[in-house]
Amino acid sequence: MKEKKYDILPNSELKAEDRDLFCDARPVPVSKLNKYMEKLVNWARANSLWFLAFGTGCGAVEVRPLMTARFDAYRYGIAGRPTPRQSGIILIGGYASVKTLKRIIRSYEQMQNPKFVISLCSCSINGGMYFDSYNTINQIDKYIPVDVYITGCMPRPEAIIAGFNKLKDRIKAGNAEGANKYAENFDYYKANQKKIIKDWNMPDYNW
Amino acid sequence: MKTILNSVKNIEQIFGVLAKKIQRPDLIFITVEKKQVLSVLSHLRDIEEYTHLVMITAIDYLEQGKFQILYLLHNYKNNTDLGVKTFISREDAHMYSAHHLWGQVATYQRELHEMFGIDFPGSPRVNENFALEGWEGIPPMRRDFDTLRYSQETYNFRKGRATNDPKKYMKKNLHKE
């Protein structure tokens, strides 16, 4: 019998007595339903976009006018949620320092499938104005899979709504497969994450 | 009412001042010896009514091999600010802890320890992580730390990013001669 490379995650950075408290299962890709059922489910998913209210950078200030009376994103089915367990989207609000990236990964991994990532601002695309910072990552898609990028420094609420609409189109077309991509390329993402997060005192997969 | 000039004069008489700079009528910087800093700070707090510590920061004088530590104090009675500066060696960077004078000093000292590598023996939790979790290598705010090179080595640059020198770019595109 051929031995698989990793059946369970090693969780090697946790203390020995803590390892029993955390799950050591790897994330698994979710296969699609049959053609018509998948279409129906994707339509439903596209119309209830609940995002995690986690402001990770300066771009998060544009989420306040997005949700309040003037732009009122609730009419598009977009709502903020307080915990990762209840939300399906994580908004990366601009630059992510290494300390924040650790929290982003924790939150992203705790979210339920299917989950999507929208990345605001130029900092998370190529570093933006913090390209030479000692503490700010330059490409967010090295660490988590991104579905839609919204450029700008910072993007206006109109642009964010356009980005959400783009994500809706992608979900309806069945192209927003970020969570499956993360599960399939789990070793690649984990290696990139562990390369820069030196103080990794959490399980390998924060389910 | 006590004026800032009176306070500085008292410090000069009691402890001795190496240098004095009157930045504004309500802002004066004095440089004192490293050994005198704690005495000067407690004198200013308890007798001259500089009860509020605004901040502590450090400046890296790489060429002279020194760090300058600045304590900025505020007096609510006459609304003046007094900066107390001192120089410490860059090689063996350590400073006497002042956490017994103000509660927030310990936090500033933790930050200085992490960002500049200045040690404050006896300060509470000074060796714990502050903002950089698990930092290795020379502290990032020291001037011999090359932040662009570190960023290029650690965080991959996306291909296609172009940078223009503003001077050349303006000359080429806007002000052709």
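Modeller: Let's start with Leu41(B), which is found in helix H2 (residues 37–46) of chain B. Helices (H or I, at least four residues) and strands (E, at least two) are DSSP runs, numbered from the N terminus. This is a predicted model: local features need pLDDT of at least 70, side-chain atom pairs count only at pLDDT 80 or more, and totals for chains, interfaces and linings use all residues. Residues are numbered from 1 along each chain as its sequence is written, with chains lettered from A and ligands numbered from 1 in the order in which they are written.

Colleague: Is Leu41(B) buried or exposed, and why?

Modeller: Leu41(B) counts as buried because it has 21 C-beta neighbours inside 10 Å. Buried takes 20 or more other C-beta atoms within 10 Å, exposed 12 or fewer, and partly exposed lies in between; C-beta atoms are placed from the backbone.

Colleague: What is Leu41(B) in contact with, leaving aside neighbours within four places in sequence?

Modeller: Tyr71(B), Val84(B), Ala98(B) and Leu101(B). A contact means C-beta atoms, placed from the backbone, within 7 Å.

Colleague: Which residues of H2(B) are buried?

Modeller: Val37(B), Val40(B), Leu41(B) and Leu44(B). They sit on the same side of H2(B), because they cover an arc of only 100 degrees around the axis. That arc is taken over the directions from the helix axis to the C-beta atoms. The general point: an α-helix has 3.6 residues a turn, so residues three or four places apart point the same way.

Colleague: What do the buried residues of H2(B) pack against?

Modeller: Helix H1 (4–14), strand E4 (66–75) and strand E5 (80–89) of chain B.

Colleague: New topic. Where is Lys2(B)?

Modeller: In the segment before H1 of chain B. Lys2(B) is partly exposed, with 15 other C-beta atoms within 10 Å. Beyond four places in sequence, Lys2(B) is in contact with Ser7(B), Glu48(B), Glu49(B) and Asn78(B). C-alpha to C-alpha, Lys2(B) and Thr80(B) are 11 Å apart in space, yet 78 residues apart in sequence.

Colleague: How many residues has the largest nonpolar core?

Modeller: 46 residues. Such a core is a set of buried Ala, Val, Leu, Ile, Met, Phe, Trp, Tyr and Cys residues joined through C-beta atoms within 7 Å. Among those with the most contacts inside it are Ile89(A), Ile118(A) and Ile144(A).

Colleague: Which element gives the most to this core?

Modeller: H3(A), with 5 residues. A second, separate core of 29 residues includes Val40(B), Phe67(B), Leu82(B) and Ala98(B).

Colleague: And Ile89(A), what does it touch beyond four places in sequence?

Modeller: Leu49(A), Trp50(A), Phe51(A), Leu52(A), Phe116(A) and Ile118(A).

Colleague: How many helices and strands has chain A?

Modeller: 7 helices and 5 strands. Along the sequence, chain A follows the pattern α-β-α-β-β-α-β-α-β-α-α-α. Buried residues make up 36% of its 207 residues.

Key: Two residues are in contact if their C-beta atoms, placed from the backbone, lie within 7 Å.
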